[in-house]
Protein chains: 2
Amino acid sequence: MSDRVVPPAARRRRRPTKQGVVLSEELIVETAMRLLGEHGAEALSVRRLGRALGADPSALYRYFRDTDELMLAIADELIGRTLRAWHPGGDWVADLRDLGLRMHAGALAQPQAAVLSSYRVTGRAYEIQAVETALGVLRGAGFPDAEAVRIYHAFVDQALAFGALDSANKALPKAAREAEAAVWRATYARLPADTHPHIHATARHLVTDMRHSSYPAALDLFLTAAAARLAQLTAAEDAGPV
Amino acid sequence: MSDRVVPPAARRRRRPTKQGVVLSEELIVETAMRLLGEHGAEALSVRRLGRALGADPSALYRYFRDTDELMLAIADELIGRTLRAWHPGGDWVADLRDLGLRMHAGALAQPQAAVLSSYRVTGRAYEIQAVETALGVLRGAGFPDAEAVRIYHAFVDQALAFGALDSANKALPKAAREAEAAVWRATYARLPADTHPHIHATARHLVTDMRHSSYPAALDLFLTAAAARLAQLTAAEDAGPV
DNA sequence: TTAACAGGTCAACGGTGTTGTCATAAGGTG
DNA sequence: CACCTTATGACAACACCGTTGACCTGTTAA
């Protein structure tokens, strides 16, 4: 039964469900995102989504082949939102910092979509647009092509990787997340100085620091190093022959 | 029934299962990792694990409170393997680079386990040992406590995040991975210069560069920035009052 | 030798994604 | 307007999943 899903363009009849709701791809994605936002990652299941929509769970399979396809639709919408909100201003370091933070925040806004989509190359419109723009920022800053690609690659993977890591953590059941916070307070903060001198000495910092994402710090280190690299490259160019 | 799990130290009787297997925490973790490696993440369930062990699924609950605790045990074993192979030599930059590359390689060696465990704080023995050692390297290098924790946090999260990202990609079904490579060759490399000038200009580099992990590059940028930060800190200290 | 009990087994519960089948309302056609 | 086709929603069932309470039995300490 592989022809269960009808391509969106071919949809014409919109029979309402028993409860009077007229389904559509958009409505389903929208409702799924609302469920995720309101009740967390574990609240999203085909059955719950069906209930929230006022439709039989199996009706969703007329719109998405499986849950994975639904996740990708959510992820795609996410990329679009991030990109639409970003407006480069001319300072390449500031622009990249802004883009990175927006990608990270966008991932955290829909953690479980981010977890599933971060490591995929879609080749779709929004992604291409993002690559083009980011590369433009780096080349405009003065990076030679090969270097621009290297920096771009590291930058985007870092944003995606941290986005996924922090999203995965955020998507954890509440009990597990609280247990992790407790580990820092109850286990690490109580290790004695004689067996674990370094943890003991920094325990206070560990408890406060490990609660938050390290992405902003990592991003700033990244941008610092990238700027240094650019300075180094242009200096070599100025000194050398044409 | 919260006393279902008996602490490992208190275990004494080891009744074999119906099929003659003598269970243990180690055997369960080992078997779980083998299942992950052989049949992918979706092959790991309590019931399948029980079958693979030759025991009733519910027997596992004598060793782990729930599946989450089992995941943490797997994560810790992964850390342990990496840690045992790492021997710091005194140069903090070289040591951290080596540790980062080993963590990344360790994740790729067990991609399925890495994907599931990278974002967990276990509070178990190996993890504690890893935190202690890495903090020691940074404090030994001269970072003040708060800064050592910040750098440590960014470093370890970066290694885990890239490890998970690249693992997830590696664990993709073969067809999907090939499709992704094709996207760079067939879609990105063919975009015309007038609509996508930056992608067009760097297409050659994109095709070759995006195939590989960007972690080594990101790690080197990270270490460069960290070293610069240390120099800056010690310079300020030398200049200022005692 | 025996009594306690750790630990393996069984059966059941309420959840999950998914699919084969059926019924029916929407929409085109005459 | 009536008729026919068919898209699409509903239903029921399947095979899983994690988890738990009750039971049973081999191991071990006394």
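Modeller: A word on naming comes before anything else: helices (H or I, at least four residues) and strands (E, at least two) are DSSP runs, numbered from the N terminus. This is a predicted model, in which local features need pLDDT of at least 70 and side-chain atom pairs count only at pLDDT 80 or more, while totals for chains, interfaces and linings use all residues. Residues are numbered from 1 along each chain as its sequence is written, chains are lettered from A and ligands numbered from 1 in the order in which they are written, and side-chain values use heavy atoms, with hydrogens and water left out.

Biologist: Which elements each supply at least two residues of the lining of the second largest pocket?
Modeller: On a 1 Å grid over the protein atoms alone, a pocket is an open set of points with protein on both sides within 12 Å along at least five of seven lines, a cavity is a set where a 1.4 Å probe fits but cannot get out, and lining residues have an atom within 4 Å of a point. Here the elements are H3, helix H4 (92–109), helix H5 (111–117), helix H6 (125–141) and helix H7 (145–170) of chain A, together with H7 and H8 of chain B. The largest share, 9 residues, comes from H7(A). Of the 48 lining residues, A:Ser118, A:Arg120, A:Val121, A:Asp157 and A:Leu160 lie nearest the centre of this pocket.

Biologist: What volume does the second largest pocket have?
Modeller: Grid points are joined across faces, edges and corners, and a volume is the space filled by probe spheres set on the points. For this pocket that comes to about 1200 Å³.

Biologist: How many cavities of 30 Å³ or more does a search of the whole structure find?
Modeller: The search finds 2. The largest holds about 70 Å³ of space, and its lining includes A:Ile28, A:Leu49 and A:Phe64. Helix H2 (46–53) and helix H3 (67–85) of chain A are the elements that give two or more residues to that lining. The second largest cavity holds about 60 Å³, and B:Val46, B:Leu60, B:Tyr61, B:Phe64, B:Asp66, B:Thr67 and B:Leu70 line it.

Biologist: How many residues of chain B are in contact with chain A?
Modeller: Contact means heavy atoms within 4.5 Å, and by that rule 56 residues of chain B are in contact with 56 residues of chain A. The size of an interface is often given as the accessible area lost when the parts come together. Buried area is the accessible area (1.4 Å probe) that two parts lose on being put together, summed over both; chain B and chain A bury about 5100 Å² between them, 72% of it on carbon and sulfur atoms. B:Tyr119, B:Glu132 and B:Leu221 supply 12% of the area that chain B buries against chain A, more than any other three residues.

Biologist: Which residue forms a salt bridge with B:Arg120?
Modeller: A salt bridge is a side-chain nitrogen of Lys or Arg within 4 Å of a carboxyl oxygen of Asp or Glu. The partner of B:Arg120 is A:Glu180, with the closest N and O atoms 2.8 Å apart, and the count between the two chains is 1 salt bridge.
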